[in-house]
Number of protein chains: 2
Amino acid sequence: MATLKLDDFLPYRLSIASNRVSAAIASAYQALFGLKISEWRLVAVIAEGPGMTQQALGLATRMDKVTVSRAAAALVERGLVARQPNPGDQRSHMLALTTTGRALYDDVAPKALELEARVFGGFSPKEIATFRAMLDRIEASAAPFDPEQG
Amino acid sequence: MATLKLDDFLPYRLSIASNRVSAAIASAYQALFGLKISEWRLVAVIAEGPGMTQQALGLATRMDKVTVSRAAAALVERGLVARQPNPGDQRSHMLALTTTGRALYDDVAPKALELEARVFGGFSPKEIATFRAMLDRIEASAAPFDPEQG
DNA sequence: GCTATATCGTTTCATCTGAAACCAGTTGGA
DNA sequence: TCCAACTGGTTTCAGATGAAACGATATAGC
């Protein structure tokens, strides 16, 4: 008879920790900037490399195309992102930050890093590197099970 | 102008890794046993220490009382869990596994450990301990922001 | 060219989640 | 012994999520 203590079960611990962090971040973004996490992710990726289609954004953020569609629509609606025609394909558009969007990004980014610093504040640079590498390995070994092929 | 590469942002990486693992586990439980993660968590905790109220289960699994209520109802409905009167308080019940429920648990637990082993297979015992300790710290430092208090 | 198939993005629908309202039962004071 | 405040649990409601169906455009094979 196998025994399993829930508190020792790593997938459970991982889920709890991740949910707590996400909840903290989500409520901060919402309160400070009226942004959802999915919207913030899009802004961050578009800021890095403007002129991406939603399909490319989905790959970059590992989010579902439905989520991307809704987040993009909200950002366009708020005037933070503009859609430009994609010369090569009329089904899609190139997304870029507007001036307002850029200003918001410049505002949010430092706060995001600050939040990260608070949550991972006790970690040394070496520990951060170790943790990041572990997440990579977990992500890779969990992916095969996962239907979504990000 | 702060720059933030999403792929380097730890809360993002944590969320992605956790979601992948959860999705893998959820679909396995669903396919093999018809259990949701919340239901499985309840079964695991009740197996460890029978005779808990839903309130205690919520604390042990860190799940919302609504989630616990629904998971418990589903398990009772399926005959895996039985409610016994709580002599000290008529608002609540003591939950325990039925014989069927115990049999299911004995069936699920090894599979759960197997899945965990597959996802964390590349980790040495020392790495597992390190990772667990890091999750503890993250959980602790994210909790203060989080409205839900255990 | 023309048609079948594939792709980008949106919409619809069914499910999951938790906040808030709610009901039943409990407790602490006057 | 009341009644007000509280607590355990359920129900209701609103938001988030993703699978599947859909419309519009692109592409490949004939």
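The expected span of a helix is 1.5 Å times one less than its number of residues. Helices (H or I, at least four residues) and strands (E, at least two) are DSSP runs, numbered from the N terminus. Keep both rules at hand for the first stop.

This is a predicted model: local features need pLDDT of at least 70, side-chain atom pairs count only at pLDDT 80 or more, and totals for chains, interfaces and linings use all residues. Residues are numbered from 1 along each chain as its sequence is written, chains are lettered from A and ligands numbered from 1 in the order in which they are written, and side-chain values use heavy atoms, with hydrogens and water left out.

**Stop 1**

Select helix 2 of chain B. At 1.5 Å a residue, its 12 residues should span 16 Å, and the end C-alpha atoms are 17 Å apart, which agrees. Now color by burial (buried means under 20% relative accessible area, exposed over 50%, partly exposed in between; 1.4 Å probe, protein chains only). Helix 2 of chain B is largely enclosed by the rest of the structure, because 10 of its 12 residues are buried. Among them are B:Trp40, B:Leu42, B:Val43 and B:Ile46. Charged residues B:Glu39 and B:Arg41 are also on the buried list.

Switch to residues 37–48 of chain A, its helix 2. There, 12 residues reach 17 Å from first C-alpha to last, close to the expected 16 Å. Helix 2 of chain A is mostly covered, with 10 of 12 residues buried. Its buried residues include A:Ser38, A:Trp40, A:Leu42 and A:Ala47.

**Stop 2: chain A as a whole**

Count 6 helices and 2 strands. From the N terminus on, the order is α-α-α-α-β-β-α-α. The C-alpha trace spans about 60 × 35 × 25 Å along its principal axes. Of the 150 residues in chain A, 44% are buried. Next, list its contacts (heavy atoms within 4.5 Å). Among those in chain A with a separation of 6 or more, 51% come from residues 24 or more positions apart.

**Stop 3: the interface**

Bring chain B back. How many residues of chain B are in contact with chain A? The number is 64, and they touch 64 residues of chain A. The area buried between the two chains is about 6,600 Å², with carbon and sulfur atoms giving 65%. Buried area here is the accessible area (1.4 Å probe) that two parts lose on being put together, summed over both.

Color the side of chain B that touches chain A by element. Helices 1 (10–33), 2 (37–48), 3 (54–61), 5 (99–119) and 6 (125–142) of chain B each give two or more residues. Helix 1 of chain B gives the most, with 16 residues. By class, that side has 36 nonpolar, 9 polar and 19 charged residues. Nonpolar covers Ala, Val, Leu, Ile, Met, Phe, Trp, Tyr, Cys and Pro; charged covers Asp, Glu, Lys and Arg; the others, Gly among them, are polar.

**Stop 4: salt bridges**

Look for salt bridges (a side-chain nitrogen of Lys or Arg within 4 Å of a carboxyl oxygen of Asp or Glu). The interface of chain B and chain A has 10.

- Select A:Arg20 and B:Glu139: N to O is 3.8 Å. A:Arg20 lies in helix 1 of chain A and B:Glu139 in helix 6 of chain B, so the pair joins two chains. A:Arg20 is buried at 9%, and B:Glu139 is buried at 6%.
- Select A:Asp136 and B:Arg13: N to O is 2.4 Å. This pair crosses from helix 6 of chain A to helix 1 of chain B. A:Asp136 is partly exposed at 36%, whereas B:Arg13 is buried at 7%.
- Select B:Glu127 and A:Arg137: the closest N and O atoms are 3.0 Å apart.

Then select A:Asp7, A:Arg13, A:Arg20, B:Arg62, B:Asp136 and B:Glu139 together: salt bridges link them in a network.

**Stop 5**

Most residues other than glycine have a negative phi. A:Arg62 sits in the loop between helix 3 and helix 4 (65–77) of chain A. A:Arg62 is partly exposed at 21%, and forms a salt bridge with B:Asp7 at 3.3 Å.

Finish on B:Arg62, where phi is positive too, near 55 degrees. B:Arg62 lies in the loop between helix 3 and helix 4 of chain B, and is partly exposed at 23%.
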